[in-house]
Amino acid sequence: MSARHRTFASSLSLLLIALLTLPWAVAAQTASASTSSSATAPAMPMTTMGHGDMAHMSMATPATDKKKEKSAKGKPAAHAATMDHMHGMNHSAKPNVRGEAPIVGMSNGAMQNMDYPSPADGSMDGMSMGSMQGGRAPQDARSPDYSDGVGYGSVQAHMGGNDVIGKLLIDQLEAFDGRDGHGQSWELGGWYGTDANKLWLRSEGERSAGKLQDGDVEAFWSHAIAAYWDSQLGVRRDFGAGPARTWAAFGVQGLAPYWFQLEATAYAGSSGRTAARLRVDYDVLFTQRLILTPELEANFYGKRDPARGIGSGLSDVRFGLRLRYEIRREFAPYVGINWVRRLGQTADYARAAGEHTLDRQIVAGIRVWF
Amino acid sequence: MNSPFSRMADPSRRRFVQGVALGGVAAGLGLLRAPGALASGRPAGIVGASHPHALSGTDFSLAVGEAPVNYTGRARIATTINGGIPGPILRWKEGSTVTLRVTNHLSTSTSIHWHGILLPFEMDGVPGMSYRGIAPGETFVYRFPVKQSGTYWYHSHTRFQEQVGVYGPIVIEPADAERFPSDRDYVVMLNDWSDDDPEHIYATLKRQGDYYNFAEPTAPEFFHDVRELGLQKALAKRRMWNRMRMSPADLSDVSGYTYTYLMNGHAPAGNWTGLFCPGEKVRLRFINGSAMSIFDVRIPGLKMTVVAADGQDVEPVSVDEFRISVAETCDVLVEPRGDCAYTIFAASIDRSGYARGTLAPRGGMQAEVPSMDPRQRLTMVDMMGAMAMARPSGHGAMHGMDMPGAAMQPMIMAHHARTEYGPGVDMRVDMPRTNLDDPGVGLRDNGRKVLTYADLHTIGGPLDPREPSRDIELHLTGNMERYSWSFDGVKFADAKPVHFRHGERLRIVLVNDTMMNHPIHLHGMWSELENPDGQFQVRKHTLNVQPAQRISYAVSANAAGRWAYHCHMLYHMEAGMMREVVVS
């Protein structure tokens, strides 16, 4: 699923978000370095990214249970709690400074520049507007059932919309050349299923010096929980250098306001290991086919894993800029730059291994889907 | 090279000829002709175009099979009726009883639905509702009395067969004289053809909803706006769209990227041509038989007098242009003068391509093909309905558009279903617009007189004078990212039937909670559209609901049985924007 979109305006906010994330990351790094506690990292990326129609969603469970939602809201550390509701139309909506402030303040004041009436116009007096997206059905919402108890006949129509369809997106299949040497890396995702329920696969990794350095495969049950969001529940398997690790995984994946494609996943492994990964990307269209994609990925670990060269806290942040040309929608060669920053203990491990903690890579590859 | 898609007003001059299309169907032979039909060649005056033959009478044999076509330079296999695209024109007479034997020569099941025709539901041709469909090798015999007159069409109601060629025109001669006599009479059927398998198109839309859209907003466009409007306004123009993850360029799911638009089975280069003698009155029966394409139709140099909509006579109204949504029909009279040709120009709503033909006094003539109007973006009115129209004029925030009748509309709150808050619904409109006098995105303020529903008045008023006794409100919903479509957020697969009590007169209220047009078609019964004040407006079988619009129409539930009710955008229907209506 790609978010191929839209104005450059929003890409500004990506950069700003990146800037917001990084200082925090540094702070978190410092904090976690001083205490060896295993931080529950996943809340943080969502805090910085969080805006959207995710209010009624908790990451682990589909938003059906009222109680669970409430308790999720009450707990500051819960992932859903930090995500404000998308109040596209609600004049009483409080400005959400976190994600939206960078884009010229999305408060009521800003919206009055927009092309619809505000209460000040007088035309809206006494009218209460709900949100145009997401949210919870009001008490007086009508029933969609007009059947009067009448059922279907003996012959059933096939038309229904629950088709099973699949997609495989090899988002990045590239060669890189950086200070730490050159190699190849991949990032791919695929799904198979209906609108509501999909088997979702993801994999990423890299190979250098003729050896698989690092890689993982993830498999999820991906369930639609809101218009733009799926909950994901599954497993991750790490391979490559060091011992293989297996994790239980849960998270959300979807499209945030302003067309940011977002994946946020938390992991729990054996021996009390925890981890989290955040990935955000965005498409800037120079033309309908020439597209620049900034991508940010951050990995967190609750506990160090020296055998894999991983420290606790924020271990690495990657920021890539890839410029592709879609010869067809499904086939696009690209070139780009990728920064890989290792932090904290992970950086210490890297230094000890004689590697750089900041690698800047030139990349070239293809993006293919079918 | 013959076969008029035409009929002279003088019955003795009617001609029925089978045709072999050049650009389209290459194997149009072996056609079945109705008993008693005359077969003789008209002068081969229609150049660059040949036509599906017409069949008339009361007994018809139709064969659904495969035939090679080549519209783009690539050979493909189409699914055809009697070997033609479109299938033969069926000419019926009001008051007669017709018998149609449809034989399936395919290896898969098929069906034929008679669009807009009042008939017993077992004859309606919808697999799973009327019957089981027509199995390979089988012949199904349809037989029903013809109780109406005008321009209609027929098509397969099985999966995506309508996209690959299974459609044709129906022209029903009135029992009495034509209300609007003409000297010549042509069917102009518009279709969208793709070389790609429709199953592939559908799966592609599920994988990437905007795959066929090559007009998305770009960064250079943003910088252009910054220069022209300033940063503040350039951002404001985009804020709501980007925040809501909605594209203002979302006019058509499937575009000219894969479609070749056909007029009477001819690509634009094929230039279907209808002949006239200067001074004659020519009736053009437009039928939009597309799977997914809405067309804006005009004939530069000619005024068109609209005399019928969906087969029903209307008070004549003179226009320069009209929008014809999927499955609608529209009859116009034109009076071409002089020894010159005129281009019939039907641009797709997203301006990604057009169908084109010619009216000419002699074969081989052609007129200039106009350039398409610039593609326009959806406006805030298309997103928020009456909310965006409520501003007093002079605010000037409507991106250069002035909504006709905007100020006068009463505010009506939509009543959302509780199922509209789930993953299948990407937006809801709380205060839809109710005006019918908006020609729609891309046609507003274009300097031409463009037909709107507010211009259509069915002659004779409603068929049933009763006031509707109750309302059924249904919302048109969808999610463009997931490419799922539904009523009230519930896909057909998950829905219960909608029950009409036999004999009742009821009102259906539709609110379009999406930013696309949806042509909604109720089988078996008329949809009598009301104006915003609740007064009868026009009688139709397919009503196009514009983005963020609310319409209401009365239905007399006088046809017992099981009927399909759905969006006529083929991929929307298949994705779940459909219901079964049970009248009992």
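Domain bounds in this predicted model come from an automatic or database domain assignment. For chain B that assignment gives domain 1, made up of residues 6–197 together with 259–360, and domain 2, which spans residues 376–584. The contact between the two draws 33 residues from domain 1 of chain B and 34 residues from domain 2 of chain B. On the side of domain 1 of chain B that touches domain 2, at least two residues each are supplied by β16 (304–309), β17 (312–319) and β18 (321–324), and β17(B) gives the most, with six residues. By residue class, this side of domain 1 of chain B divides into 18 nonpolar, five polar and 10 charged residues.

The UniProt record, an unreviewed entry, places the feature "domain: Plastocyanin-like" at residues 66–175, 186–347 and 467–583 of chain B. Over residues 66–175 of chain B the model has 0% helix and 42% strand, with the end C-alpha atoms 36 Å apart. Residues 186–347 of chain B, by contrast, are 22% helix and 36% strand, and here the end C-alpha atoms lie 19 Å apart.

Five strands of chain B form an open sheet of mixed pairing, in the order β2-β5-β10-β9-β7. Its edges are β2 (54–56) and β7 (113–115) of chain B, each of which pairs on one side only, and the twist from one strand to the next averages 25°.

Chain A averages a pLDDT of 74, and 64% of its residues score at least 70. Over residues 1–129 of chain A, pLDDT stays under 50, although the model has 232 contacts beyond four places in sequence for this stretch.

Terms used:
Residues numbered from 1 in each chain as written. Chains lettered and ligands numbered in written order. Predicted model: local features only at pLDDT ≥ 70, side-chain atom pairs only at ≥ 80, totals over all residues. UniProt positions renumbered as here; feature names shortened; annotations may be inferred. Helix = DSSP H or I, 4+ residues; strand = E, 2+ residues; numbered from the N terminus. Contact = placed C-beta atoms within 7 Å. Nonpolar A, V, L, I, M, F, W, Y, C, P; charged D, E, K, R; others polar. Pairing = 2+ DSSP bridges. Axes fitted to C-alpha atoms, helices over the stretch in contact; angles between N-to-C directions. pLDDT = per-residue confidence, 0-100.
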